[in-house]
Each structure stands twice: as C-alpha cells, then as structure tokens.
Amino acid sequence: MFSLTVPNMAAKITRTIFRDREVDEDRFAIVKYGVEIFLVNVTKGITVYLAAALLGMIWQTLVVHLSYLFIRRHSFGLHAKTSLGCTITSVVMFVVLPYFVKEVQLSDWIIMSISAFILLNIALFSPSDTENMPLFNAQKRHVLRRKSILNTFFILMTLVFIPVEVAKTLILLGACYQVIAIHPMTYKLLKRRYKNYEIEPR
C-alpha cells in the first residue's frame with residue numbers, strides 16, 4: 001500500500017531538503033514528521049476526490065468538506081488514530097454519506113432547528129483538544145471558541161442566500177460532522193480522553 005511507503009518517501013524528501021547542510025537528529029525528525037503529514041493529507045485528498053469523481057460527486061463532496069473544514073479550523077476535535085482509518089472515515093464522511101443524502105430537501109423549520117443545534121454545540125464544546133494536542137492556554141481556548149462560533153454563524157448564514165436546496169443539506173451535514181468531532185459523547189463512545197488541557201503536562 002502507498003501509505004506504508006510514506007515514511008520512506010518523507011525521509012528521502014527530508015534528506016533532499018537538508019542535502020547541502022548538516023542537521024541534528026531532532027531537527028531532521030521534526031521536518032520529516034511535517035513532510036509525512038503533508039504526504040498523508042495529499043494521499044487522503046486524492047483518494048477522497050477520486051472516489052467522489054467515480055460517483056459523480058465532486059461538487060457535493062467539496063461543499064460538505066469545505067463546510068466541515070471552515071468550522072473545524074478553530075474548533076479542532078477528534079482525529080483518527082491511523083492514516084488508513086482517517087482515509088476510510090473521510091471517504092465515508094465526504095463521499096458515501098453525501099451520496100445518500102444529496103437529493104434530500106429540508107423544510108425551513110428543520111434547517112433552522114438543525115442550525116440552532118449546531119451553533120449551540122459549537123458554543124458549548126469548542127475547541128476540543130486531543131491527547132496529542134492539548135490546549136493548556138485558557139486565553140487561547142477562549143479565542144478559539146469565539147472564532148469557532150463566528151465561523152459557524154457565517155456558514156449557517158450562507159444557507160439564507162443559497163438557492164440550491166441540496167447544497168443547504170450538504171452544508172448542514174458538514175457542520176454536523178464537526179459537532180460530532182468535538183462532542184464529549186463522541187469522546188466517551190470512542191474511549192478517548194476529553195479536556196486534555198486539565199491534565200498537567202509532565
């Protein structure tokens with residue numbers, strides 16, 4: 001599998017970056033890790049949008065993806081534990097599920113109810129950190145929460161101006177994904193540690 005070759009490719013690229021200069025092991029490891037993340041994300045993106053293209057779902061996948069990412073950029077939330085798990089989850093979230101809801105049209109009151117639910121949960125639970133990225137700085141958490149609320153409000157306001165009904169459903173789907181990603185119940189169901197910033201760093 002391609003994903004199994006990513007560490008080797010990252011090592012080769014990192015060696016090329018530092019080809020003309022000496023670098024210590026820690027610096028090399030940091031850069032290599034960054035390159036690995038980039039390669040994994042590129043691979044995941046290609047897989048997701050190739051699957052979307054095969055199903056004729058490019059624009060639908062893009063709408064869900066952008067809605068999700070725009071809110072997630074400041075509210076954070078859970079990540080899959082493995083690259084393969086992340087890729088499979090992404091295909092399900094951004095291709096498979098949108099494929100089944102792409103023709104669903106929601107009434108105005110349902111859209112308003114879902115929007116209120118999304119905004120309330122973002123206000124209550126964002127940002128949500130992880131074991132690998134605990135948010136110890138209380139002021140930073142406050143800023144991230146405020147930005148998350150504003151981002152969510154902006155996304156939900158676009159529903160008023162978008163004439164395509166299916167696009168509204170897809171935008172709400174992407175926003176709901178992020179609610180799931182930050183919700184304490186999701187952490188509990190997946191047996192992941194919640195509010196990691198309360199754990200004192202060693």
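I began with what a pocket is, namely an open set of grid points, where a 1.4 Å probe fits, with protein on both sides within 12 Å along at least five of seven lines. I keep in mind throughout that this is a predicted model.

**Entry 1: the largest pocket**

With that definition in hand I looked up the largest pocket, and I noted that about 1,500 Å³ of space lies in it. I then asked which residues lie nearest the centre of this pocket. Of the 42 residues that line it, I found R72, L78, H79, A80 and C86 nearest the centre.

Next I looked at where the lining comes from, and I recorded that α1 (6-17), α2 (25-54), α3 (58-75), α4 (83-101) and α7 (165-182) each supply at least two residues. Helix α2 gives the largest share of this lining, with nine residues.

I turned to the second largest pocket, for which I noted a volume of about 230 Å³. Its lining is made up of D108, I111, M112, S115, A116, L119, F153, L156, M157, L159, V160 and K168. The elements that contribute two or more residues here are α5 and α6, and the largest share, six residues, belongs to α5. By type I counted nine nonpolar residues, one polar and two charged in the lining of this second pocket.

**Entry 2: how α5 and α6 pack**

I then looked up the packing of helix α5 (residues 108-125) against helix α6 (residues 138-161), and found an angle of about 170° with the axes 9 Å apart. Because an angle over 145 degrees counts as roughly antiparallel, I wrote down α5 as roughly antiparallel to α6.

On the α5 side I listed I111, S115, I118, L119, I122, A123, L124 and F125 as the residues making the contact, and on the α6 side R145, S148, I149, T152, F153, L156 and L159. The residues of this contact divide into eleven nonpolar, three polar and one charged.

**Entry 3: salt bridges**

Last, I asked how many salt bridges a search of the whole structure finds. The search gave one, and I traced it to the side chains of E165 and K168, which meet at 3.6 Å, N to O. Both E165 and K168 lie in helix α7, three residues apart, which is about one turn of the helix.

Technical notes:
Residues are numbered from 1 along each chain as its sequence is written. This is a predicted model: local features need pLDDT of at least 70, side-chain atom pairs count only at pLDDT 80 or more; totals for chains, interfaces and linings use all residues. Side-chain values use heavy atoms; hydrogens and water are left out. Axes are lines fitted to C-alpha atoms, for helices over the stretch in contact, and angles run from 0 to 180 degrees between N-to-C directions. Helices (H or I, at least four residues) and strands (E, at least two) are DSSP runs, numbered from the N terminus. Angles under 35 degrees count as roughly parallel, over 145 as roughly antiparallel, 65 to 115 as roughly perpendicular and the rest as oblique. Contact means heavy atoms within 4.5 Å. Ala, Val, Leu, Ile, Met, Phe, Trp, Tyr, Cys and Pro count as nonpolar, Asp, Glu, Lys and Arg as charged, and the others, Gly among them, as polar. On a 1 Å grid over the protein atoms alone, a cavity is a set of points where a 1.4 Å probe fits but cannot get out, and a pocket is an open set with protein on both sides within 12 Å along at least five of seven lines; lining residues have an atom within 4 Å of a point. Grid points are joined across faces, edges and corners, and a volume is the space filled by probe spheres set on the points. A salt bridge is a side-chain nitrogen of Lys or Arg within 4 Å of a carboxyl oxygen of Asp or Glu.
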